[in-house]
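Work through the exercises below with the sequence and the model at hand. Each task is followed by a solution in steps.

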Amino acid sequence: MEKSSTKLLNSAMVSIAIKQSFVKLNPLTMLKNPVMFTVEIGTLIMAGVSVYSINNSSEGSFAYNFSVFLVLLLTLLFANFAEAIAEARGKAQADSLRKTREETPALLLLADGTTKTISSNDLQKDDVFVCKAGDLIPTDGEIIEGIATIDESAITGESAPVIREAGGDKSSVTGGTKVLSDEIKVKVTAQPGESFLDKMIALVEGASRQKTPNEIALTILLASFTLIFIIVCVTLKPFATYAQTPITIASLIALFVCLIPTTIGGLLSAIGIAGMDRALRANVITKSGKAVETAGDIDVLLLDKTGTITIGNRKATAFYPNDGVDKSEFVKLSYLASLADQTPEGKSILELAHQEYPNLIVAQPENAVFIAFTAETRSSGIDTGDGLSIRKGSFDAMKFFAQQHGHELSSNLIVQVKKIAENGGTPLVVNKNHQPIGVIELQDIIKPGISERFERLRKMGVKTVMVTGDNPLTAKYIAEKAGVDDFIAEAKPEDKMNYIKAEQQAGKLVAMMGDGTNDAPALAQADVGVAMNSGTQAAKEAGNMVDLDNDPTKLIEIVEIGKQLLITRGTLTTFSIANDVAKYFAIVPALFIAAIPALQGLNIMGLKSPESAILSAVVFNAIIIPLLIPLALKGVAYKPIGASALLRRNLLIYGIGGVIAPFIGIKLIDLCIGLFF
Amino acid sequence: MQTELLGIIATFALTLVIAIPLGNYLAKVFAGKRVWTNIFSPLENLIYKIAGVNPNEQMDWKQHLKAMLTINTLWLIYGFFVLMYQDRLPLNPDGNAGMSPHLALNTIISFVVNCNLQHYSGESGVSYLTQQFIVMFLQFVSAATGIAIAISFFKAFKEKTTNKLGNFWQHFTLAITRVLLPLSIVIALVLAFNGVPASYEGKDQLTSLQGDSISVSRGPAAAMVAIKHLGTNGGGWFGANSAHPLENPSYFTNMVEAISQMIIPIAMVIAFGIFIGRRKLAWTIFGVMTIGFLLLLVPTLQSELGGNPKIAQLGITQVSGAMEGKEVRFGPTATAYWSTITTVVSTGSVNGMHDSTMPLTGLYQLLAMMINAFYGGCGVGLLNYFVYLIIAVFIAGLMVGRTPEFLGHKLEAREVKIAALVTLISPFLIMCGTALASYTFTQHGNAAWDTTPSAWLNNPNFHGFSEMLYEVTSSNANNGSGFEGLGDNNMFWNILTAIILLFGRFIPIIGPLAIAGLLAKKKYIPESAGTLKIDTKTFALMTFAIILVLNALSYFPALALGPIAEYFTMIK
């Protein structure tokens, strides 16, 4: 799947959306949006008035009435188009995901141990299927037996294959990905049509989209504004009768449609769909629209150190031989000890050795026995055939071995070990025949640019917390260097849980990311829990979002998407209401000028005639909707400059701008329409 | 003119000098801190004992509203009958008649809701008994009701999360014993010593230099004039209200009365900040209110001091501005100032004829009452402002990308629904009321009612429209002043305004207190860098814009047909 298509629209989407704009005129559909529903009623009335005015001139000319009718109809279509295009985009995104869900044959494992080929659509929850190298995995599931390399590029876009195995935190497989090697037995975790992806697709397509709490509150506010304007327009009739000014139905309806917040009303659902669509483009599957909105409110972000703040693993950064030990000899012995070490730390020792001594060649000794790392010895190394024993491991472990064999630890070794620890590094002591000969410094490499991201989060008002298994000293050092606000050292799963609970007790909203089964309770407790797609089924069930890329920094993006969603709604509401000021100055003089010529004083835009003034206002009101569709879909940019500065900025652009823009727009339109009316 | 301007600047300055320490005092009294007026506590305890009230019993917002509505209903019933049968009751030396049922209904509602719209004239419509035991009594308790509910509102934001908003009866009692009574006594004494009558005798007879015999109404007016201003009531002892030489004899008493109507509304804002420990917020609110007030006052002065363009067209210079309907002892400046303060704080007393002010002045008076939150009425002004604040917080909150919060409490659909309803009720009452009146006037002008509708207006045309608009706006704002010139003592206006008065009073009290009560129960969210601060200049501007735009959008067409049309026609 393409990571994100930068193109906002394409012709296929547009043609679907245009068709949908008409389908959505169905009053039952419109009823969900009270603002636009009232416009539809107005349009119907105008259709009647247009027919009436063919033979009667009391309501104005047919051309004028019909023009108003057409513009109102356009307003409705534009609003429907906004929603339809947002849905079409979501659908296109969903379709590309769905491609991975195409029907594939599945090898169902029967109770007697034999297999049977069935369609992937017939797999039920808890069925077990078998996948061999080269097979497409038919549906989401959890490996119960075996280990395999899997190409997940169909989902993540990442070409490097990943390893998935039974047990542990990397047991999940996704439908549509391909097994590259080995054979696995997989248990189906979801009923057909109920996997996360299916749920997400339904959400973006609008089928099961529910209004989020903020959206409901905003709809109520907009509905009450609409009611106020109903009152204004209905009472205008007796007022006008008192002032002996006849008001045509067209003028009243035009006034009403211009005043009610059609701009935001027309774009509201498009904004909501686009928000989830943006999340999907970031390769995040949300289980509800509410989760995206909540993400914008997050106060505390729990981040795992490894992978988020640091580049995966520790790396060797320096060799410190003991006094009296030749450095090249020390490096050579360290090299030897790490030769068979497949851990990233071990590999990094070889890398560093090559860096410092480009000509270094250490042949693998014959009859050598490699000693793998175990939790008991907390060391690894090599025993060569000629009686040389080299071990590397933690200071405590090496100290224990040395003392067991009656060796004293030199004071400069102890000093060096302490120094490394204080700098946030991990000392790796190397023993030659149980005699310590020096220390290798392992350092966490902090991801480039990560501290700027934390700074950005801080300005958003989000507190970052680093979760790590390191000791407090190391944790503190890295926390300071990376610029996180707090850390949990020597973290156990329940520590995360307790931290989240404590923050929530203080009224804060907490987000976290996790992958393991032991993360599941914390993921469920967090207000926004993002599970990695590679994580266990339990983790994915517990969270309210799944990140297909397994990228821990994704949380930051999710917070911004949530904020953007709210900002877009707020600014467009402000813009919509601010627009009304100019519309009043266009329509009110036009309504009364015939009977009260003195009110020409209010016609500050100098619009040509009452008809052209009213038409210009409704035309502006209609075309502003499509003009703002790109903004609604892309979202108003979020700038972490502090709430007050952000308010000032948006108030200036969308408030003041919203007052001024229609004055210019209406005047320009009037210059054109004035030629006819 | 210079001196006249200095006069109003001094009046406003003195208002602030008194109101700010008064705010401090109010915060202390209601927080139960040590103040010198604690010497009244034996009296209060006696009241609690007789009433069978436990002042320490905590009530939630619903219990507060229940208590408030119950006691108000009792006053309504009591007052209605006494006003109807005042002719058969004592203390009626001038032998004034009982009220018609619809006038009694209108009058009692009007006083219970702190509006004091008077469709009768004080000299002939009421007796000394009803002046004192209905009118004056209600001037105290209706103001105290507003203060008491405002204090319950304060308590919602004092604690982080709470369901306990204090005790309504205690707030109510303290509002009278610690605030209204002591201040009224001082002001009444000052007024009495400066020529306002304080006597139980009936009309006085005097013979003019021409030899004509004149009877002059009097009575214990000083006490009432004090509370009518202090409690932002506005109902006068005499029909001409504070333009009457016995109700407002001199420039000095004019200053005293102007100051006394502003101090409690301003003090309540200051008290709010001190009480909940957010002084900066209070000053921000005060700032918005003051700017709004000045933006109404300055153009009013300009329009009044500029004189009447029609007279100018005749070639007559108007050195002192527009003098029609104004008292020479106050002059146009002090009258313009009064017309602004009495409409912003919902007093509704007048010291000149609002009907005679320039069209644009009428526009500003109407706007002041439509907004009704630039200081606003006793206690309720702040509640009205709170509704605007909620809407501003909601929209601004979305604009900064966070679920909107008010003082650490999340604003959700339920609160927005209530705020939207309260916002809706004013345009509904004002516009529909005016529409109904206009409709009746044009379509049923000759209906055979107690007063035929076509006879309502002295000046049909735009000014007549303004008169009707003013009457309903004043009722909705619980202001009580009138663009006289409207024949309003008849069944139609008595009943229409009675309904508007009731809704215009109680919905803007119930709504904000309900929102506050609901918010207070929610979990408290500590502030972070992403939290929208509501005590900044930017947010103040936002609130101001919301107030302005909401009101402009709701009332622009009506205002265009009334004062604005009149203005443009006049300058033509």
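Domain bounds here come from an automatic or database domain assignment. The model is predicted: local features need pLDDT of at least 70, side-chain atom pairs count only at pLDDT 80 or more, and totals for chains, interfaces and linings use all residues. Residues are numbered from 1 along each chain as its sequence is written, and chains are lettered from A and ligands numbered from 1 in the order in which they are written.

**Exercise 1.** State the domains of chain A and how far apart the C-alpha centres of domain 1 and domain 2 lie.

Step 1: domain 1 of chain A is made of 11-94 + 202-282 + 559-673, and domain 2 spans 314-445. Step 2: their C-alpha centres are 72 Å apart.

**Exercise 2.** Describe the side of chain A that touches chain B by elements and by class.

Step 1: count the residues in contact (C-beta atoms, placed from the backbone, within 7 Å). Chain A supplies 60 residues and chain B 55 residues. Step 2: on the side of chain A, helices H7 (213-242), H16 (450-460), H21 (554-592) and H23 (643-673) each give two or more residues. Helices (H or I, at least four residues) and strands (E, at least two) are DSSP runs, numbered from the N terminus. H7(A) gives the most, with 17 residues. Step 3: by class, this side has 34 nonpolar, 17 polar and 9 charged residues. Ala, Val, Leu, Ile, Met, Phe, Trp, Tyr, Cys and Pro count as nonpolar, Asp, Glu, Lys and Arg as charged, and the others, Gly among them, as polar.

**Exercise 3.** Give the strand order of the open sheet of 6 strands in chain A, and find its edge strands.

Step 1: strands pair if DSSP finds at least two bridges between them. Step 2: the order in chain A is S2-S1-S3-S9-S4-S7, with antiparallel pairing. Step 3: S2 (115-119) and S7 (172-173) of chain A each pair on one side only, and are the edge strands. Step 4: within the sheet order, S4 (residues 141-145) and S9 (residues 184-188) of chain A share 4 bridges in the antiparallel sense. Gly141(A) faces Val188(A) of S9(A).

**Exercise 4.** Locate the "active site" position from UniProt and decide whether the residue is buried or exposed.

Step 1: the unreviewed UniProt entry places this feature at Asp304(A). UniProt positions are given in the numbering used here, feature names are shortened, and annotations may be inferred rather than shown by experiment. Step 2: Asp304(A) belongs to strand S11 (residues 300-304) of chain A. Step 3: a residue is buried if 20 or more other C-beta atoms, placed from the backbone, lie within 10 Å of its own, exposed if 12 or fewer, and partly exposed in between. Asp304(A) has 20 C-beta neighbours inside 10 Å and therefore counts as buried.

Methods:
Contact = placed C-beta atoms within 7 Å.
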